[in-house]
Amino acid sequence: MNVPAQQKLTPPSTGGLVTSEGCEMESRAKAAGHAVHQQLIVFPLGLLATAVVFDVIGLVADDVRFASASYLMIAAGLVMGVVAAVFGLIDYLAIPRGTRARRIGFLHGIGNLVVLVVFFVSWLLRTGAENNVPSAAALVLGLLALGISGATAWLGGELVDRLGVGVDDDAGLDAPTKLTTGISVRRPHGAGT
């Protein structure tokens, strides 16, 4: 398919990044021109996934240093997960009610809350254990949470890639750089003052 370089990319499901209700889908919380939530999610996802990998390596290698590192990564991942969730909630609240994006955003947010709670329980089960070595229950909870996080990551991708949530309204292959920073509280077109 030949697309002119200046043509704006738009999701086929909406015909554009502006909904039928006139609501722009651009992220409401930005740092240096990009959605804060999308910048932050790499930290909890990376930390928590690596914690599970370190637990497995520690068990296979019979090396408690991996368990200690995993314990600290879970703590850092939980903190960063809460921070990322705040900015995700800001963007979620801007999605129009009654849309597929709102339903998927709800599942994405609730699923990630479950991930954080399950990892928190896994972390608590390790607290006080010698070298924070996970019990079988703590390890299983970590594996379960990792699986759920894969599903919630897919939902997040669906929001951005398929539905255009958090994508700049003027996105395109040759769009200029914008370094907008802050939290926007714009109302949908036609909303009362």
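The largest pocket holds about 890 Å³ of space. A pocket here is an open set of points on a 1 Å grid over the protein atoms alone, where a 1.4 Å probe fits and protein lies on both sides within 12 Å along at least five of seven lines. The volume is the space filled by probe spheres set on the points, and grid points are joined across faces, edges and corners. The pocket is lined by 37 residues, and the closest to its centre are His-37, Ala-85, His-108, Gly-109 and Asn-112. A lining residue has an atom within 4 Å of a point. Helices 1, 2, 3, 4 and 5 each supply at least two residues of that lining. Helix 4 gives the largest share, 10 residues.

A word on the source. This is a predicted model, in which local features need pLDDT of at least 70 and side-chain atom pairs count only at pLDDT 80 or more, while totals for chains, interfaces and linings use all residues. Residues are numbered from 1 along each chain as its sequence is written, and side-chain values use heavy atoms, with hydrogens and water left out.

Now the overall layout. The protein has five helices and three strands, in the order β-β-α-α-α-α-α-β along the sequence. Both kinds of element are DSSP runs numbered from the N terminus: helices are H or I with at least four residues, strands are E with at least two. Of the 193 residues, 37% are buried. Buried means under 20% relative accessible area, exposed means over 50%, and partly exposed is in between, with a 1.4 Å probe and protein chains only. Among contacts with a separation of 6 or more, 76% join residues 24 or more positions apart; a contact means heavy atoms within 4.5 Å.

Next, helix 2, residues 42-61. Its 20 residues should span 28 Å at 1.5 Å a residue, and the end C-alpha atoms are 27 Å apart, which agrees. The expected span is 1.5 Å times one less than the number of residues. Which residues of helix 2 are buried? They are Pro-44, Leu-48, Ala-51, Val-52, Asp-55 and Gly-58. Because they cover an arc of only 125 degrees around the axis, they sit on the same side of helix 2. That arc is taken from the directions from the helix axis to the C-beta atoms. In general, an α-helix has 3.6 residues a turn, so residues three or four places apart point the same way. Val-42 and Val-60, on the other side of helix 2, are exposed. The buried residues of helix 2 pack against helix 1, helix 3, helix 4 and helix 5.

Ser-70 is in helix 3, residues 64-93. Ser-70 counts as buried because its relative accessibility is 0%. Leaving out residues up to four places away in sequence, Ser-70 touches Ala-51, Phe-54, Asp-55 and Arg-126.

Last, two loops. Most residues other than glycine have a negative phi. Asp-62, in the loop between helix 2 and helix 3, has a positive phi near 50 degrees. Asp-62 counts as exposed because its relative accessibility is 71%. Asn-131, in the loop between helix 4 and helix 5, also has a positive phi, near 60 degrees. Asn-131 is partly exposed, with a relative accessible area of 35%.
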